[in-house]
Amino acid sequence: MRPLMQRVAAVHDLSGFGGGSLTAVISILSAMGIQVCSLPTAVLSTHTGGFADFHFRDLTDDMAQIIAHWQRLGLNFSGVYSGFLGSAQQIASVLHLFDTCTSSTTLRVVDPVLGDDGQLYATMTPDMVTEMRTLVGQADVITPNITEAALLLGQPLTPQMSQDQIKNWVVSLADLGPRQVIITSVPEEDMRGTAVVAFDRETGQFWKVGCSYIPAHYPGTGDIFASVITGALLQGDSLPLSLDRAVQFVSLTIRATFGHNVPEREGVLLERVLPCLNAPVSLSSFELL
Ligand code: PXL
């Protein structure tokens, strides 16, 4: 029997204030008509970007129990989508979830949340980087930002990258295992703005979508991006159209926020633009690289 609704297991933290993580994942996928089953990895008072003395509760032990219960219930997910993890040990749980509660058609998306702007996030350890290489190896789709791509590949991050170099990186990441690799925040050669660059190992195609430059950096936009990618792929969109939808939606959230005098650490005004996720696709700007 066809499932009544697509169902995704979302393996992310719940940050109370500051946007991003499960708050973004649930609202975006729900708006796209996809049911979210949350597997929380940690509970925090805020995200870790820009707040000192945040409260952090690691849920590593709870995760195994939650998965065991889901297994007893015979749940079968159309997608498993992981993001911020609370400890390196949680990677074993995500790998276990990949092997249970899934079928041959389940889409496995891993956003290897490790850091940004050349630095690891406050709770991340070198262990996490090593283990994350194993997790991305079992994914269908991965969505690192350029810092996370550098960490996964053990390469230094440079302010500028040639087209050949970035192509090299997406292929090297695909060599770890995933079919589709999407790198965000790739610096443009002219240093004006950034781009998203993707590679599909099965077709051998490289794609690029440019992002217009806005001088602001809001936490949580990586979670928003990866959530739209997950929703669009589950809705049946191609990789390039999914990239386009995710870039356009993230740009909208930033434009809805920029201009208000809100501290960047409070994140974007996601709720202001959520309904746009249901607008018909009207323009696209992807390019073949
Ligand atoms: O946006 C990624 C993310 C998710 N969850 C927490 C974070 C961050 C990035 O800083 O701190 C708790």
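**Ground rules.** I am working with a predicted model, where local features need pLDDT of at least 70, side-chain atom pairs count only at pLDDT 80 or more, and totals for chains, interfaces and linings use all residues. Residues are numbered from 1 along each chain as its sequence is written, and side-chain values use heavy atoms, with hydrogens and water left out.

**Helix α1.** I checked which residues of α1 (residues 21–31) are buried, and found Ser21, Leu22, Ala24, Val25, Ser27, Ile28 and Leu29. Buried here means under 20% relative accessible area, exposed means over 50%, and partly exposed is in between (1.4 Å probe, protein chains only). Helices (H or I, at least four residues) and strands (E, at least two) are DSSP runs, numbered from the N terminus.

**Phe77.** I found this residue in the loop between α2 (60–73) and β6 (79–82). Phe77 has 1% relative accessibility, so it counts as buried. I then listed its contacts (heavy atoms within 4.5 Å). Leaving aside neighbours within four places in sequence, Phe77 is in contact with Arg7, Val8, Ala9, Cys37, Trp70, Leu97, Cys101, Thr102 and Thr106. Thr102 is 25 residues away along the chain, yet the C-alpha atoms of the pair are separated by 5.4 Å.

**The sheet.** Next I traced the open sheet: nine strands in the order β3-β1-β6-β7-β10-β11-β12-β13-β14, with mixed pairing. Its edge strands are β3 (35–38) and β14 (287–288), each pairing on one side only. Two strands pair if DSSP finds at least two bridges between them.

I looked at two of the pairings. β6 and β7 run parallel and are joined by four bridges; Tyr81 stands opposite Val109 in β7. β11 (residues 180–187) and β12 (residues 194–200) run antiparallel, with six bridges, and Gln180 stands opposite Asp200 in β12.

Are the two faces of β7 (residues 107–110) covered or open? Both are covered: Leu107 and Val109 are buried on one side, Arg108 and Val110 on the other.

**Leu243.** I placed this one in helix α8 (residues 239–257). Its relative accessibility is 0%, so Leu243 counts as buried. Not counting residues up to four places away in sequence, Leu243 touches Ile182, Val196, Ala198, Trp207, Val209, Phe225 and Ile229. For Ile229, 14 residues away along the chain, I noted a C-alpha separation of 6.5 Å from Leu243.

**Thr147.** This residue sits in helix α5 (residues 146–153). Thr147 counts as buried because its relative accessibility is 4%. Beyond its neighbours within four places in sequence, I listed contacts with Gly115, Asp116, Asp117, Gly118, Gln119 and Leu157.

**Whole chain.** I ended with the totals. The protein has nine helices and 14 strands. Its radius of gyration is 18 Å, close to the 19 Å that the globule rule gives for 289 residues, so it is as compact as a globular protein of that length. That radius is taken over C-alpha atoms, and the rule is 2.2 Å times the number of residues to the power 0.38. The C-alpha trace spans about 55 × 45 × 40 Å along its principal axes. Of the 289 residues, 52% count as buried.
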